[in-house]
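The notes follow in the order of the look-ups.

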Amino acid sequence: MDGSSEFLCGVVEGFYGRPWSMEQRKVLFQWMQRWGLNTYLYGPKDDLKHRLLWREVYSPEEEGQLRTLIVESEKRGLRFVYSLSPGQDIVFSSSCDLSLLKRKLRQVSELGCQAFAILFDDIDHSLCQADSQAFSSFAHAQVSVANEIYRFLGEPPVFLFCPTEYCGSLCSPSVSKSPYLMTVGEDLLHNISIIWTGSKVISRELSVEGLSEVQSVLQRPPLVWDNLHANDYDSRRLFLGPFKGRYPQLATHLRGLLLNPNCEFEANYIPLHTLGTWYRTGREEKKEEYQYCPEMALSTALHDWMDELSQPLQPGRQSRQADQRSSGQKSGTLESANCHPTTTTREGRPKPPREPPQGDSPPTSSPEGEEGEEGIRLLVGLHYLPHEHGPSAQRLLQDLTWLKAHCHLVSANDKKGPQQKAEEWRGRAAGFLGVCEEIAVLHSSVVSGVSRAVLYDLYPYVWDLRNTALVAKAFICWLDGRVLSDSSPLGSWRNCFHWCGTTTGAELLGVESEPWVFKGGVSGEVQMLLPIGSNSELFSHPPPLFPTSRLYNIRPYHNKDKVELYRMVRQLQQGTQGSPDSSPAHPDLIGDRCLGPCLALCPEYSMVLEDELGVCGCVLGIVDVRSFAKRCQACWMPAMRDKYPPRTGHANSQEVLQQIEGDQGEYPDSLLYHFPSQLRLDALPDLVDVSVTRCLLTSLLTALKANGSQGVFCEVQPTDRMRLDFLTKLGFLEIIRGEARHREGVVLGRLL
């Protein structure tokens with residue numbers, strides 16, 4: 001296969017992270033053949049013998065795997081390019097290192113490989129003392145080795161060289177004046193192609209002007225290593241959008257273009273499908289009739305992906321995460337859960353009837369709707385491209401920005417405001433809540449989808465966004481009608497956000513910024529729009545080992561929830577102490593003690609967690625413990641004494657009444673000075689996805705922070721190791737032990 005003049009277009013497996021499996025590469029070759037791509041470059045950074053241990057030859061077993069890949073690629077009509085990255089520790093002047101380099105490439109050549117690449121990317125520019133004496137510059141050292149290896153291999157038609165200055169932003173002082181690039185262009189043998197990523201490591205666009213400039217310096221057309229869909233720099237980002245920002249006519253200025261895509265193999269269907277469309281468009285003779293349109297290419301790819309997902313699972317499509325599960329590996333963390341949601345009802349509660357999703361009600365999923373094109377479009381729009389959000393993400397960010405900036409329109413402080421403006425806010429809030437519900441249903445649909453390989457590759461990202469959306473949805477529901485204190489930062493934020501949502505967070509920091517300067521993608525940007533968003537430990541956690549399709553919702557407390565919450569804490573108390581149920585004459589004793597004061601005196605800081613079976617958790621907050629204690633003595637305790645009078649003679653009643661009175665003891669001023677707020681968290685033990693408990697707690701912290709609180713604390717029994725560990729991971733630190741209101745509890749606090 002002569003590739004000296006053919007345009008090389010395909011895939012480079014060159015990301016940092018766990019390499020793809022052999023079976024995944026075989027599926028990749030099938031895709032590439034189907035979509036008309038012609039080149040695969042093997043260069044995973046975490047293959048030890050590709051980079052760190054480049055001197056070591058492959059074992060017989062590894063040889064067999066490489067040979068299989070080479071043969072498989074040839075069967076599919078693809079060119080297999082083997083790359084090696086010796087730059088981290090090679091001594092360019094060492095005849096020993098040069099011999100080892102030749103030995104390694106000879107071994108691969110004998111396996112049938114006929115195309116090679118030598119990579120000097122992401123390394124230090126300095127030379128060791130021996131090399132400094134042998135070469136006049138770093139570039140001369142690299143060129144000398146590359147030329148010798150090229151000749152040693154018999155001057156293959158495809159031989160690629162990746163320079164250390166591989167993009168415009170890395171060139172010193174500029175592309176046209178870089179001594180390094182000029183040396184490479186002048187001294188590197190002309191038939192060796194040079195790799196280039198564009199103006200940036202991750203270039204939003206490739207321009208004719210930029211490519212012409214580098215072509216002039218390198219004295220040959222470059223081969224683009226395209227990082228548009230690479231996601232190895234951010235564990236919370238995935239890119240499912242189309243190949244974009246590169247016009248097909250650029251091919252006349254290039255030796256080729258290889259896409260370095262997502263680490264997650266199954267996430268690359270649309271990127272590679274649309275790359276194939278781009279390449280085929282550029283080859284059409286009547287180019288004016290075959291202009292490449294990313295949106296049209298995306299629609300075609302979406303349709304084909306839906307067909308692909310509806311097919312039976314192909315051999316080899318099990319992902320690396322699925323490999324762990326099939327081996328029986330289990331998690332011992334708080335966020336472990338069963339693989340499928342339980343269908344039984346909780347003790348004492350019938351399954352609630354389905355209702356259409358409204359405002360703060362839990363969303364419902366249809367068995368087929370979200371598996372259709374709209375569901376896939378939503379998925380792609382939320383995980384689009386590094387420099388651009390899709391329509392669904394734009395809408396989400398625009399609405400959240402506007403609702404936060406105009407929350408005064410529905411604040412109880414602004415009762416005289418125009419009703420029309422309040423209705424505008426609520427109408428826009430309904431749209432925002434609708435997108436959040438769609439995200440929840442999308443999460444459920446991904447889990448219950450046909451392809452488990454796709455599930456395990458996409459799930460961490462969909463799960464992360466689902467959790468962030470749960471918190472954001474609860475925050476918007478909470479804002480409606482709340483009284484904001486004078487110390488609330490929301491007023492000062494009102495004029496601080498003019499974020500249109502069409503661009504990404506990185507662009508707010510500078511038009512020329514690389515995408516990694518702002519972490520998290522859509523999830524990160526929604527997070528940063530929340531009052532508590534700068535506290536990353538509340539949002540960045542590994543997903544549960546076993547996905548669940550159960551739908552969850554977090555919303556403000558309503559009076560109708562009281563019965564369910566009282567029943568829940570009674571059930572929790574029985575489970576903890578193994579005690580029999582309270583006397584039928586006083587079913588509210590435990591609820592009145594644990595939840596009653598907060599629900600009666602500050603219900604606006606109470607959040608409820610519910611799933612498809614009903615209420616399954618709650619978190620109660622007190623924004624100002626000092627004033628709350630005074631209100632309890634003035635209002636709550638007299639009501640309790642009337643409800644449980646001494647003359648009834650119920651010992652249980654008297655004991656709990658004494659405990660309620662004991663709960664009103666004072667906390668030290670040294671604690672309340674830094675941590676004026678308090679919380680209590682309760683959740684049923686049969687939660688399928690325990691990570692939603694973290695979202696529940698974060699929702700309350702968001703509300704407390706929005707109303708000016710600077711710190712919050714809670715009491716935990718020292719024997720409750722699971723809860724202590726859970727709170728510690730969320731940034732809570734032990735403040736007091738054994739002195740909390742004369743009990744044995746541990747007081748944990750965190751600043752907001």
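I counted 25 helices and 15 strands in the protein; helices (H or I, at least four residues) and strands (E, at least two) are DSSP runs, numbered from the N terminus. The model is predicted, so I kept to its limits: local features need pLDDT of at least 70, side-chain atom pairs count only at pLDDT 80 or more, and totals for chains, interfaces and linings use all residues. Residues are numbered from 1 along each chain as its sequence is written, and side-chain values use heavy atoms, with hydrogens and water left out.

I looked up burial (under 20% relative accessible area, 1.4 Å probe, protein chains only). Of the 752 residues, 56% count as buried.

Next I looked up helix α8, residues 269-283. Its 15 residues reach 22 Å from first C-alpha to last, close to the 21 Å expected at 1.5 Å a residue (1.5 Å times one less than the number of residues). In α8, 12 of the 15 residues are buried, so the helix is largely enclosed by the rest of the structure. Among them are H273, W278 and Y279. I found that the cover includes β1 (8-13), α1 (22-35), β8 (256-259), α9 (294-310) and α11 (373-382), contact meaning heavy atoms within 4.5 Å.

Last, I looked up a helix pair. Helix α13 (residues 419-447) and helix α14 (residues 452-479) pack at about 155 degrees, with axes 8 Å apart; axes are lines fitted to C-alpha atoms over the stretch in contact, and angles run from 0 to 180 degrees between N-to-C directions. α13 and α14 are therefore roughly antiparallel (over 145 degrees). The residues of their contact divide into 20 nonpolar, 1 polar and 4 charged; Ala, Val, Leu, Ile, Met, Phe, Trp, Tyr, Cys and Pro count as nonpolar, Asp, Glu, Lys and Arg as charged, and the others, Gly among them, as polar.

Notes:
Buried means under 20% relative accessible area, exposed over 50%, partly exposed in between (1.4 Å probe, protein chains only). Angles under 35 degrees count as roughly parallel, over 145 as roughly antiparallel, 65 to 115 as roughly perpendicular and the rest as oblique.
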